[in-house]
Amino acid sequence: MSSARKQGRVPPSPARPAGERRRRRSTRDAGSPRRRGGSRYVLKLYVTGASRVSRRAIERVSDLCERKLLGRYELEVIDIYQLPALARDEQIVATPTLIRVLPPPLRRFIGDLSKADNVIFGLDLRERP
């Protein structure tokens, strides 16, 4: 055991490694998608660094998911400065870009995420009757 641990001075845990992706799952347990009658959504949000625009995009998409997808989503936030290979593989040419991976077909929404109705329509997140 290190002398720092013996003396009660434990160094802070290291920060998340550069380039690590952040995943956010719904915080509400709304049951399985089949029981709720809806699909499970997998979304990827590509942003550029910790800019004001990136932070606002993350907040808006998270809020939209919590309001509309209630426990039926997984949101992955990817910083293209940290992981440029992923952006290249997905052919990301502008940010923010929100991609609906599941359910098929794949859908993309590029640019301004401030109007929730446009994002809902663009990604086809509307509730089915």
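**Briefing on the predicted model**

A hairpin joins β4 to β5 through four residues, where strands (E, at least two residues) and helices (H or I, at least four residues) are DSSP runs numbered from the N terminus. This is a predicted model, in which local features need pLDDT of at least 70 and side-chain atom pairs count only at pLDDT 80 or more, while totals for chains, interfaces and linings use all residues. Residues are numbered from 1 along each chain as its sequence is written, and side-chain values use heavy atoms, with hydrogens and water left out.

**Strand pairing**

- Strand β4 (residues 97-102) pairs with strand β5 (residues 107-110) in the antiparallel sense over four bridges, pairing being assigned if DSSP finds at least two bridges between two strands.
- Within this pair, leucine 98 stands opposite phenylalanine 109 in β5.
- β4 also runs antiparallel to β2, to which five bridges join it, and here leucine 45 stands opposite leucine 98 in β4.

**Confidence**

- The mean pLDDT of the protein chain is 76, with 68% of its residues reaching 70 or more; pLDDT is the predictor's confidence in each residue, from 0 to 100.

**Overall make-up**

- The protein chain contains five helices and five strands, which follow the pattern α-β-α-β-α-β-α-β-β-α when read along the sequence.
- Of the contacts in the protein chain with a separation of 6 or more, 68% are accounted for by residues 24 or more positions apart.
- Buried residues make up 35% of the 129 residues in the protein chain, buried meaning under 20% relative accessible area with a 1.4 Å probe, protein chains only.
- The protein chain exposes about 8,600 Å², of which carbon and sulfur atoms supply 50%, the accessible areas coming from the Shrake-Rupley method with a 1.4 Å probe.

Technical notes: Buried < 20%, exposed > 50% of the residue type's maximum accessible area, 1.4 Å probe, protein only. Contact = heavy atoms within 4.5 Å.
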